[in-house]
Amino acid sequence: MPSLDRQDYFKSPVSKIEVPDYYDIIKRPMCWNFIGSKLDQHEYMDLDTFNVRPHNLNSPLMTQVSLQDDLFLVVDNAMMYNKPGTPIYKAAQRIRSAIVLHLDELKKLAASIGSEASLLPRPKD
């Protein structure tokens with residue numbers, strides 16, 4: 001999806017200095033770099049629902065987060081914060097449509113191979 005973000009609007013976290021009210025409105029910020037880091041750390045374990053290691057390693061709780069949720073969160077946050085018709089809002093709409101198409105293709109592929117197995121590599125023990 002980052003390749004569809006031609007202007008890199010959603011590549012990095014929104015700057016608190018440049019956009020001081022963003023974090024008052026957006027409570028769960030997300031960007032392509034955060035998703036990339038989660039992928040690198042194998043926090044997403046399968047297509048639909050991914051186990052996420054707790055930030056506090058002493059916590060016994062595991063949370064479930066999906067890659068698709070994080071992908072949608074990037075663009076939904078942009079559409080919530082920015083006004084319709086603005087370049088960022090339009091880019092978010094375009095990318096959101098592409099996310100839906102790509103996820104549908106991945107799900108069809110997974111179904112066609114008849115596997116509930118992970119589409120993403122699992123961390124080595």
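Me: Which residues of helix 3 meet which residues in helix 4?
Reply: In this predicted model, Gln68, Leu71, Phe72, Val75, Asp76, Ala78 and Met79 of helix 3 meet Ile88, Tyr89, Ala92, Gln93, Ile95, Arg96, Ile99, Val100, Leu103 and Lys107 of helix 4, where contact means heavy atoms within 4.5 Å and helices are DSSP runs (H or I, at least four residues) numbered from the N terminus. The residues of this contact divide into 12 nonpolar, 2 polar and 3 charged, with Ala, Val, Leu, Ile, Met, Phe, Trp, Tyr, Cys and Pro counted as nonpolar, Asp, Glu, Lys and Arg as charged, and the others, Gly among them, as polar.
The model is predicted, and local features need pLDDT of at least 70, side-chain atom pairs count only at pLDDT 80 or more, and totals for chains, interfaces and linings use all residues. Residues are numbered from 1 along each chain as its sequence is written, and side-chain values use heavy atoms, with hydrogens and water left out.

Me: Why is helix 3 called roughly antiparallel to helix 4?
Reply: Helix 3 (residues 67-81) and helix 4 (residues 87-112) pack at an angle of about 160 degrees, with their axes 8 Å apart. Because angles over 145 degrees count as roughly antiparallel (under 35 as roughly parallel, 65 to 115 as roughly perpendicular, the rest as oblique), helix 3 is roughly antiparallel to helix 4. Helix 3 passes helix 4 in a left-handed crossing, the near helix being turned anticlockwise from the far one by less than a right angle.

Me: Why are helix 2 and helix 3 given the term roughly antiparallel?
Reply: Helix 2 (residues 32-40) packs with helix 3 at an angle of about 165 degrees, their axes lying 10 Å apart, and the two are therefore roughly antiparallel to each other. Helix 2 passes helix 3 in a right-handed crossing. Trp32, Ile35 and Lys38 in helix 2 meet Leu67, Asp70, Leu71 and Val74 in helix 3, a contact with 5 nonpolar, no polar and 2 charged residues.

Me: What makes Lys16 a charge over the ring of Tyr23?
Reply: Lys16 lies over the face of Tyr23, at 5.3 Å from the ring centre, and the criterion asks for NZ of Lys or CZ of Arg within 6 Å of that centre and within 35 degrees of the ring normal.

Key
Axes fitted to C-alpha atoms, helices over the stretch in contact; angles between N-to-C directions.
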